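Trainee: Could you walk me through this one, feature by feature? I'd like to know how to read each term as we go.

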Amino acid sequence: NAGVTQTPKFQVLKTGQSMTLQCAQDMNHEYMSWYRQDPGMGLRLIHYSVGAGITDQGEVPNGYNVSRSTTEDFPLRLLSAAPSQTSVYFCASRPRLGSPLHFGNGTRLTVT
Amino acid sequence: ELKVEQNPLFLSMQEGKNYTIYCNYSTTSDRLYWYRQDPGKSLESLFVLLSNGAVKQEGRLMASLDTKARLSTLHITAAVHDLSATYFCAANAMDSNYQLIWGAGTKLIIKP
């Protein structure tokens, strides 16, 4: 049982480049979300989805897009990378609201 | 708007000692979560606390919840080096589609 799988683990981008962070889960969880983690700031929600075809913005959505075409996959797109997007990104899922989140291993992104 | 504050943010302690991490939240929430994160790793769920007076224990860790005081505590008994990690609390934002609002984390270092 793989759980939540994120790729890549590390990525370096130049300012203005775009890329997609991949997230897949095999637990049939309806709820999926993307967080960024910055030192001393805890986790901040970027976007989330309560099911296939349904997405919504979190606390810090600017500069990011998401889609949820299947239950399993929830990719995060950086439209035009900026140094302020240098962070560690975590994808998480849970079977229902209120359940604990299951986290992926994270993607460390550096934008130069 | 729900805000979550943890203290202390950093704690260095000796093996065998007891200590408590505090988590305050600013508005009503229906549940409180505790997570652990090892350096460079993902987050692991420790406890979910649902009701006033709830207490949960796992090994040397015990979490409790006082909903009237809007306070949760994570108590460490007779600390051992393996408990060194960063501990996060998070609360459900009931007025924001039950999104989790996170504390900044407490970095715990336990010296042999």
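Mentor: Let's begin where the chains meet. Between chain A and chain B there are six residue pairs in polar contact, both partners at pLDDT 80 or more. A polar contact is a pair of N or O atoms within 3.5 Å; within protein, one must be able to donate a hydrogen and the other to accept it, and residues adjacent in sequence count only if both atoms are side-chain atoms. Strand 4 (31-37), strand 5 (43-51) and strand 9 of chain A each supply at least two residues of the side that touches chain B. Strand 5 of chain A gives the most to that side, with four residues. Strands here are DSSP runs (E, at least two residues), numbered from the N terminus.

Trainee: Before we go on, what should I keep in mind about the model itself?

Mentor: This is a predicted model: local features need pLDDT of at least 70, side-chain atom pairs count only at pLDDT 80 or more, and totals for chains, interfaces and linings use all residues. Residues are numbered from 1 along each chain as its sequence is written, chains are lettered from A and ligands numbered from 1 in the order written, and side-chain values use heavy atoms, with hydrogens and water left out.

Trainee: How many residues does the contact take from chain A and from chain B?

Mentor: Contact means heavy atoms within 4.5 Å. Here 20 residues come from chain A and 18 residues from chain B. The area buried between the two chains is about 1500 Å², with carbon and sulfur atoms giving 55%; buried area is the accessible area (1.4 Å probe) that two parts lose on being put together, summed over both. In chain A, Leu43(A), Gly98(A) and Phe103(A) lose the most area to chain B, together 27% of what that side buries.

Trainee: Are Arg36(B) and Asp38(B) buried or partly exposed?

Mentor: Buried means under 20% relative accessible area, exposed over 50%, partly exposed in between (1.4 Å probe, protein chains only). Arg36(B) has 14%, so it counts as buried, whereas Asp38(B), at 27%, is partly exposed.

Trainee: Which cysteines are joined in disulfides?

Mentor: A disulfide is a pair of cysteine sulfur atoms within 2.5 Å, and the count is two over all chains. Cys23(A) is joined to Cys91(A), S to S 1.9 Å. Cys23(A) lies in strand 3 (residues 19-25) and Cys91(A) in strand 9 (residues 87-94) of chain A, so the pair ties together parts 68 residues apart in sequence. In chain B, Cys23(B) is joined to Cys89(B), S to S 2.0 Å. The handedness is worth a look: the chain A link is left-handed, with -70° about the S-S bond, and the chain B link is right-handed, with 85°.

Trainee: What does the side chain of Gln6(A) reach?

Mentor: The backbone oxygen of Tyr89(A), at 3.0 Å. A polar atom of the Gln6(A) side chain also lies 2.9 Å from the backbone nitrogen of Cys91(A). Gln6(A) itself sits in strand 1 (residues 4-7) of chain A and is buried, at 7% relative accessibility.
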